[in-house]
Amino acid sequence: MHITWEQVHVLKIKRLQNTYVGNPRFKFTCTDESGNKFTATTENNAMFAYAIHSGWEGRNIYATLKHNKKALLSATRSEE
């Protein structure tokens, strides 16, 4: 597993079932700077998930990605 800080373009955001303690989870469909399409989910119980909204679709964001069998999005912020 390796971790990268990348700028990605968000194509779609889907709300997933909450975690067992009730925190929100999301699945992102994104493209990287090379145009490769991928999906990533938020980590369980990540506090930044409360800031995610549909206004991010169609925008670039910066994301910390944990690359393993399933890409995990661990921190994001909207591009200014």
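## Predicted all-strand model: contacts and surface features

The protein contains 5 strands and 0 helices. The model is a predicted one. In sequence order, its elements follow the pattern β-β-β-β-β. Of the 80 residues in the protein, 38% are buried.

### Aromatic pairs

A search of the whole structure returns 2 aromatic pairs. In one of these, the ring centres of Trp5 and Tyr62 are 5.9 Å apart and the ring planes meet at 10°, so the pair is stacked. Trp5 belongs to strand β1 and Tyr62 to strand β4 (residues 60-67), so this pair ties together parts that are 57 residues apart in sequence. Tyr62 has a relative accessibility of 23% and therefore counts as partly exposed.

Phe28 and Trp56 also form a pair: their ring centres lie 6.4 Å apart with planes at 35°, so the arrangement is tilted. The two residues link distant parts of the chain, with Phe28 in strand β2 and Trp56 in the loop between β3 (37-42) and β4, 28 residues apart. Trp56 is buried, its relative accessible area being 5%.

Strand β2, which spans residues 25-31, holds Phe28. Is this residue buried or exposed? Phe28 has a relative accessible area of 0% and is therefore buried.

Two further C-alpha distances place Phe28 relative to other parts of the chain. Thr39 and Phe28 are 11 residues apart along the chain, and their C-alpha atoms are separated by 5.4 Å. Thr39 is located in strand β3. With a relative accessible area of 41%, Thr39 is partly exposed, whereas Phe28 is buried. Between Phe28 and Glu57 the separation is 29 residues in sequence and 9.2 Å in space, taken from C-alpha to C-alpha.

How many salt bridges does a search of the whole structure find? The search finds 1 salt bridge. Its partners are Lys66 and Glu43, whose closest N and O atoms are 2.8 Å apart. Lys66 lies in strand β4 and Glu43 in the loop between β3 and β4, so the pair ties together parts that are 23 residues apart in sequence. Glu43 counts as partly exposed, at 22% relative accessibility.

The loop between β3 and β4 also contains Asn45. The phi angle of Asn45 is near 60°, a positive value in a residue other than glycine. Most residues other than glycine have a negative phi. Asn45 is partly exposed, with a relative accessible area of 28%.

### Accessibility of the residues discussed

The table collects the relative accessible areas given above.

| Residue | Relative accessible area | Class |
|---|---|---|
| Phe28 | 0% | buried |
| Trp56 | 5% | buried |
| Glu43 | 22% | partly exposed |
| Tyr62 | 23% | partly exposed |
| Asn45 | 28% | partly exposed |
| Thr39 | 41% | partly exposed |

### Surface charge

On the surface, a patch of positive charge is formed by Lys12, Lys14, Lys27 and Lys37. One of these residues, Lys12, lies in strand β1, which covers residues 2-16. Strand β1 also carries Trp5, the partner of Tyr62 in the stacked aromatic pair.

Key: Residues numbered from 1 in each chain as written. Predicted model: local features only at pLDDT ≥ 70, side-chain atom pairs only at ≥ 80, totals over all residues. Heavy atoms only, no water. Patch = residues over 30% accessible without salt bridge, like charges linked within 9 Å, V, L, I, M, F, W, Y side chains within 5 Å. Areas by Shrake-Rupley, 256 points an atom, 1.4 Å probe, with all protein chains shown as cover. Salt bridge = Lys/Arg side-chain N within 4 Å of Asp/Glu carboxyl O. Lys, Arg positive; Asp, Glu negative; His and termini not counted. Charge placed at Lys NZ, Arg CZ, Asp CG, Glu CD. Helix = DSSP H or I, 4+ residues; strand = E, 2+ residues; numbered from the N terminus. Buried < 20%, exposed > 50% of the residue type's maximum accessible area, 1.4 Å probe, protein only. Phe/Tyr/Trp six-rings, centres within 6.5 Å; stacked < 30°, edge-to-face > 60°.
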